[in-house]
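Here is a short report for a reader who is meeting this protein for the first time. Please keep the sequence and the 3D view open while reading.

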Amino acid sequence: MSGGAATLTDGARSGGPAGVPSNRFLARAALLTAAFTAAGALLGLLRDQLLARTFGAGPDSDAFLVAWTVPEFASTLLIEDAMALVLVPAFSRALALRAEAGAAGPDPVLGLVRTTLPRTAVGTAAAAALVAAAAPLLVPLLAPGLPEQRLAVDCTRLTATCVLSFALAGYFSAALRAHGRYLAPAAIYVAYNTGIITAVVLLGPAWGVRAAAAGVAAGGALMALVQAPSLVGRLRRRATGAADRDRGGDRERGGDRDRAAAAGGVVLALVAPVIVFAVGRQSQVLVERFLAAPLPAGAISHLNYAQKVAQLPMVLSLMLCTVSFPVIARAIAAGDREAARRRAERDLLLAGVIVLVGAATVAAAAPQIVGLLFQRGAFDAADTAATASVMRVYALGLLGHALVSALGRCYFSASRPLWFPAVAMGLGVAANAALGALWVDRWGAAGIALANAAGITLTAAVLLAGTGRRQVPLSARTVVAGLARLVAAAAAATTAGRLCASWTAHPLLGAVLAAAAVLAVFVLAAHALRAPLVPHLTRVALRTPLPRPLSRRHRHAPTPDAPLDRDVPLRRHRPG
């Protein structure tokens, strides 16, 4: 694993004084992450297809999905949001401190690891044991009135192990990405879904839906194991000089403790607001399953499958933010806020392009997509119709979900506590719960999905409105103006795609026609509306790159290496 990442990193070039990597390096890192993200997403679809075919959309699958709330919650808290938002800036700060100190003194990066990793492991192991012991009390709270309470308790006890394994996986991912290592972190969902699929195939006939819960536990362990060798190798490489310096006496050991405490303080200062933000974001799932539990059997499953498919475009768009978040954090740590602003604005708009094209395709061809993916075995035509109607509603909130995830990274990219994102997330969750309780009796599962879209869109709007007052490195006016044009283009593309999907009764042909129409109309409408990035992306897609020979003057010019994991000293740029 580490070998491939080393090759990628060693080829990077600096993009500026702050050590921001070149666009070429970021493109290669994004391509690498995209490949593994696509592989993980395809395995996730295969996993969902296997679960739908084997267990259908009935009381057993509802019981498993209630237990799956634990790893879903842990994934947001410990991998995707809180752990990354805390540790990437902390490791960026430690790397900058290391560069400032040079060869003198102990290594701040090792001090950060020694301070935080044991506490993370012990604390999450205790939390996992507590969740397993409290499963009989937890299940009725998550889904009151669930028919298969005992089955849900058994599955919850199996999935509780993910609290520990996901914490380790998230810690390793954040540390590696801060060092510019993307290969192993990108592979975690491949490992996770492989564990679930293998367990269902091997144990499903004997264990029933409990086999899926056992697969979740095995997949979580694989997520941590696939990254451990790369991180250990990285820390060993940097530890040699630090070990020699630690022999210098009490003064250096005292300095090591001081730096470790300082690094730990960076993390502790950020823990509370980041955790509240991440918990609030994942609470949307708790609200949905709480409201859906009294509905007819299968409602939780319909919501789950609709959400999983609808959010695939969002996952692909956030891949860009995953790659560039450490870059933004390193630029801010070095004081180059202008480079951070340019990167954040471009990433938000590019994420908007990807997620809006995907959302338009989902809304245009939802019945065809669901039928192709899930309608087989225990998953019948009625389940397809119910899931497709919910999926179209979920598509309305995809842009909000993508913006909240991306803006959260912008807010937490600096090493200081910010409570504003947590407050904004709390407002969105409150709106989600209130509107869901109001609409569930009228529209059922579709009303729950509509409340989710409304709540997350409110959160995204509040976060965008607050950027100018809290020194977040982006211009809200620029982002909003660009997104408005992109949304208008997506609306036109959705209409065209839905018309094309209705031309044929064949689900595959209908989905293909809808996707082609969406892409073509979106590009044309975006050009007509002068939407950002789309004309440039079109030119890049249509242009055939031809190598240009270097002039004699530049043929032998040296090109010094500047890898992404190069240490960037603090205060190289003045803040502002």
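Does Glu72 count as buried, partly exposed or exposed, and at what relative accessibility? Glu72 counts as buried, at 13% relative accessibility. Buried means under 20% relative accessible area, exposed means over 50%, and partly exposed lies in between (1.4 Å probe, protein chains only).

This is a predicted model, in which local features need pLDDT of at least 70, side-chain atom pairs count only at pLDDT 80 or more, and totals for chains, interfaces and linings use all residues. Residues are numbered from 1 along each chain as its sequence is written, and side-chain values use heavy atoms, with hydrogens and water left out.

## Overview

The protein has 26 helices and zero strands. Both are DSSP runs, numbered from the N terminus: helices are H or I with at least four residues, strands are E with at least two. The protein has 576 residues, and 56% of them count as buried. Among contacts with a separation of 6 or more, 83% join residues 24 or more positions apart. A contact means heavy atoms within 4.5 Å. The accessible surface is about 23700 Å². Carbon and sulfur atoms hold 65% of that surface. Areas come from the Shrake-Rupley method with a 1.4 Å probe; for residues, only the protein chains shown count as cover.

## Salt bridges

Side chains of opposite charge can pair when their charged atoms come close. A salt bridge here is a side-chain nitrogen of Lys or Arg within 4 Å of a carboxyl oxygen of Asp or Glu. The whole structure holds four salt bridges. The table gives three of them, including both that are listed for Glu72.

| Pair | N to O distance |
|---|---|
| Glu72 and Arg289 | 2.8 Å |
| Glu72 and Lys308 | 3.4 Å |
| Arg210 and Asp154 | 2.9 Å |

Arg210 lies in helix 12 (residues 210-225) and Asp154 in helix 8 (residues 149-159), so this pair ties together parts that are 56 residues apart in sequence. Arg210 is partly exposed at 32% relative accessibility. Asp154 is also partly exposed, with a relative accessible area of 23%.

Glu72, Arg289 and Lys308 are linked in a network of salt bridges. Glu72 forms a salt bridge with Arg289. That pair links distant parts of the chain: Glu72 sits in helix 4 (residues 69-80) and Arg289 in helix 14 (residues 250-292), 217 residues apart. Arg289 counts as buried, at 7% relative accessibility. Glu72 also meets Lys308 in a salt bridge. Lys308 belongs to helix 15 (residues 299-310), 236 residues from Glu72.

Gln307 is in helix 15. Gln307 is buried, with a relative accessible area of 9%. Beyond its neighbours within four places in sequence, Gln307 is in contact with Glu288, Tyr394 and Asn452.

Ala306 is found in helix 15 too. Its relative accessible area is 0%, so Ala306 is buried. Leaving out residues up to four places away in sequence, Ala306 touches Thr387, Val390, Met391 and Tyr394. Ala306 and Val370 are 64 residues apart in sequence, yet 8.1 Å apart in space, C-alpha to C-alpha.

In soluble globular proteins, nonpolar side chains tend to be buried together. A nonpolar core is a set of buried Ala, Val, Leu, Ile, Met, Phe, Trp, Tyr and Cys residues joined through side-chain atoms within 4.5 Å. The largest such core has 140 residues, and Phe64, Phe91, Met391 and Phe522 touch the most other members. Helix 17 gives the largest share of this core, 13 residues. The residues touched by Met391, not counting those up to four places away in sequence, include Ala306, Val309, Ile369 and Val370.

## Helix 24

The buried residues of helix 24 include Gly510, Val518 and Phe522. They pack against helix 17 (337-364), helix 18 (366-374), helix 23 (476-501) and helix 25 (534-542). Arg530 follows helix 24 and has a positive phi, near 60°.
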